[in-house]
Every structure is written in structure tokens, then in C-alpha cells.
Amino acid sequence: MWSGAKRECFALPLGKISRYSRPMSQNPPNLRPDLARARIAETIREGQPKIGMVSLGCPKALVDSERILTRLRAEGYGISADYSGADAVIVNTCGFLDSAKAESLDAIGEALRENGRVIVTGCLGAEPDYITGAHPRVLAVTGPHQYEQVLDAVHRAVPPAPDPFIDLLPSTGVSLTPRHYSYLKISEGCNHKCKFCIIPDMRGRLQSRPAKAVLREAEKLVEAGVKELLVISQDTSAYGTDWAGRDVKFPIIPLARDLGQLGAWVRLHYVYPYPLCGCDLIPPDG
């Protein structure tokens, strides 16, 4: 798996992949979680279909890549460490800025040159004509968090061939981060219509995950040794406000309280200090 920089196990040669990572952020590499080294134990059996992945963009997209790879592993697919070993390549794109769009098109082009069988997903997939206009040879284009459509495209390109006695999946799924931390995505989309932001157009309106599902995933991650939970969404403050008939006004507050009981360091990302959520997330003496 490749996600914008050289990784210890799943990586492209640095000369090829470096141009994908540098335009995305001005942060030095050691401060960017997506550049951290992650190791995934992978043994490819004879005849096993193999999929490669290039993951671009933000941590929310990285979680999408993890979920796609987890589903593919459960169906018997192997994860290829390079283009030549993959039967097809998934490119998870970013489309937030013009520079990100150009970077995504560049990544798709390289995957087509190096492998030839490419499936495109992610935020830029919300503009399929933009992608196929530049790269008409891609096998399929799907939008963000459209996991089923990605799997259908993979099935068409590379039919699954699982071995139920060999293909085993860890209970925590595929992780693309080091063991000590993991991203925990609690919602998709956003209900705000900020003029500078296209997220609602790409990812839709706010859809919050059930709190029990979030806590169950968090508990499994902590049991697997995760020490730091990075809670992410487009608007973490608004978590749960899309639920009709909810018991509490701001569900992020009890969720944060429950996550804090798990024994891991919990960091809430993208918490905005607007009146919708008030100041209850921060203790008065904090």
C-alpha cells in the first residue's frame, strides 16, 4: 500500500512517490501521520489475487483505504507492495484543492503506466468526467466512502479466489498506521455551507456513526495495543446532531467522556469553537 510517501513495507520508490506527498502539506515529514512508517505482515499464497493501493489526501481518506483493504483481505485478496505484483491498483484520490486534483491525476497516470489496470475512488471520484477526460483507460470511478462500488469494480477486474483455510483476517482489520496510534472516524460529511469548502458537495451531509459502533471499534483498537486514538471527522463538534429525537443536545460530549475511560490518549481533531457545541468539551478550569 502506498500513501503519499515511502513506507517500510508497502511503498513505491521514493523518487516516484515523493511528488505526491510534498505539495499536500508544508509540515516537515516527521510531523505528518500519513508519512509514519507502518508495517503490515503479508504473506501471498500461490494463485492469490493481489491489489495495490495508492492513498492520497487526509486521514479520513486513509481510514477509507483501511476499510477497503480490510474488506478485500476478508475476501481473500492479497496486498501488493508494488505495481508489478498487483493484478489491479486502487487510487484513493483527494480533490479538495486544485493542487490535490493535479496530484491525483498524476498518481492515476503513473498507476496506468506502471500497471495498466486502475480503479479510482475518493473525493475526486465525485467528478468522474474530470477523471475520465484525463485518463479514459481507468476501469472504474467511484466517489468517496463508496466501499461497495469499489469492491464491485475490483470483483469485475480481478475475481476473488479466497481460501477459507488460509485467508485469515485480524479482528482489528488492516491498519495503515503504526501500532501505537489509530484514526477513529466518527462521521462523514458536513451540514455547513462554507463558501470556501467543497466537502459537502463531495462527501454529502453529516452522517454520524452510532456511538455504540464507535466505542466498539475503539475498544478493539485499545485491546490490540493502540495507545492513542485520533478521533476524526469533517466536523467533530457536530457529531450526532443529525440524529432526530436524540437524548442529548451535543452527543460528542458523552462520546468523548466514554472514550476517555478506555485507557488511551484521545485526541479530538477538527473541533470548531462555534456556538453549536458550546464550550462543554473543555472544562471551565481547563
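Valine 154 touches Ile51, Leu72, Tyr77, Ile90, Ile119 and Pro159, when residues up to four places away in sequence are not counted. That makes a handy starting point for a tour of this predicted model.

**The nonpolar core**

Val154 belongs to the largest nonpolar core, a group of 26 residues in which Ile51, Leu72, Ile90 and Val154 touch the most other members. At least two residues of this core come from each of β1 (50–55), α2 (59–74), β3 (88–93), α5, β6 (181–185) and β9 (228–232). The element that gives the most is α5, with 6 residues. In soluble globular proteins, nonpolar side chains tend to be buried together.

Where on helix α5 do the buried residues lie? The helix runs over residues 147–157, and its buried residues are Tyr147, Val150, Leu151, Ala153, Val154 and Ala157. These residues sit on the same side of α5, because they cover an arc of only 160° around the axis.

Strand β1 is another contributor to the core. This strand is mostly covered, with 5 of its 6 residues buried. A parallel pairing of 2 bridges joins β1 to β2 (residues 78–79).

The pairing of β9 with β10 is parallel and runs over 4 bridges. Leucine 229 stands opposite valine 266 in β10.

Helix α8 (residues 252–259) has Ile252, Ile253, Leu255, Ala256 and Leu259 as buried residues. Viewed down the axis of α8, these fall within an arc of 165°, so they line one face of the helix. What do the buried residues of α8 pack against? Their partners are β6, α7, β9 and β10.

**Cysteines and a buried serine**

Cysteine 190 is in no disulfide, and the nearest cysteine sulfur, that of cysteine 194, is 6.4 Å away. For cysteine 197, the closest cysteine sulfur is also in cysteine 194, at 6.2 Å, which is too far for a bond.

Cysteine 123 lies in the loop between β4 (118–122) and α4 (128–134). Its C-alpha atom is 5.2 Å from that of cysteine 94, although the two residues are 29 residues apart along the chain. Neighbours within four places in sequence aside, cysteine 123 is in contact with Thr93, Cys94, Gly95, Pro144, Met202 and Arg203.

Serine 187 is found in strand β7 (residues 187–188). Leaving out neighbours within four places in sequence, serine 187 is in contact with Leu206, Gln207, Ser208, Arg209, Ile232, Ser233 and Tyr239.

Buried or exposed? The table takes these residues one by one, and buried here means under 20% relative accessible area.

| Residue | Relative accessible area | State |
|---|---|---|
| Cysteine 123 | 9% | buried |
| Cysteine 190 | 9% | buried |
| Cysteine 197 | 16% | buried |
| Serine 187 | 1% | buried |

**The whole chain**

Stepping back, the protein chain has 8 helices and 10 strands. Buried residues make up 50% of its 286 residues. Among contacts between residues at least 6 apart in sequence, 74% join residues at least 24 apart. The pair of cysteine 123 and cysteine 94, 29 residues apart along the chain, is a local picture of how separate stretches can meet, with C-alpha atoms separated by 5.2 Å.

Definitions and conventions: Residues numbered from 1 in each chain as written. Predicted model: local features only at pLDDT ≥ 70, side-chain atom pairs only at ≥ 80, totals over all residues. Heavy atoms only, no water. Buried < 20%, exposed > 50% of the residue type's maximum accessible area, 1.4 Å probe, protein only. Contact = heavy atoms within 4.5 Å. Arc of directions from axis to C-beta. Core = buried A, V, L, I, M, F, W, Y, C linked by side-chain atoms within 4.5 Å. Pairing = 2+ DSSP bridges. Disulfide = S-S within 2.5 Å.
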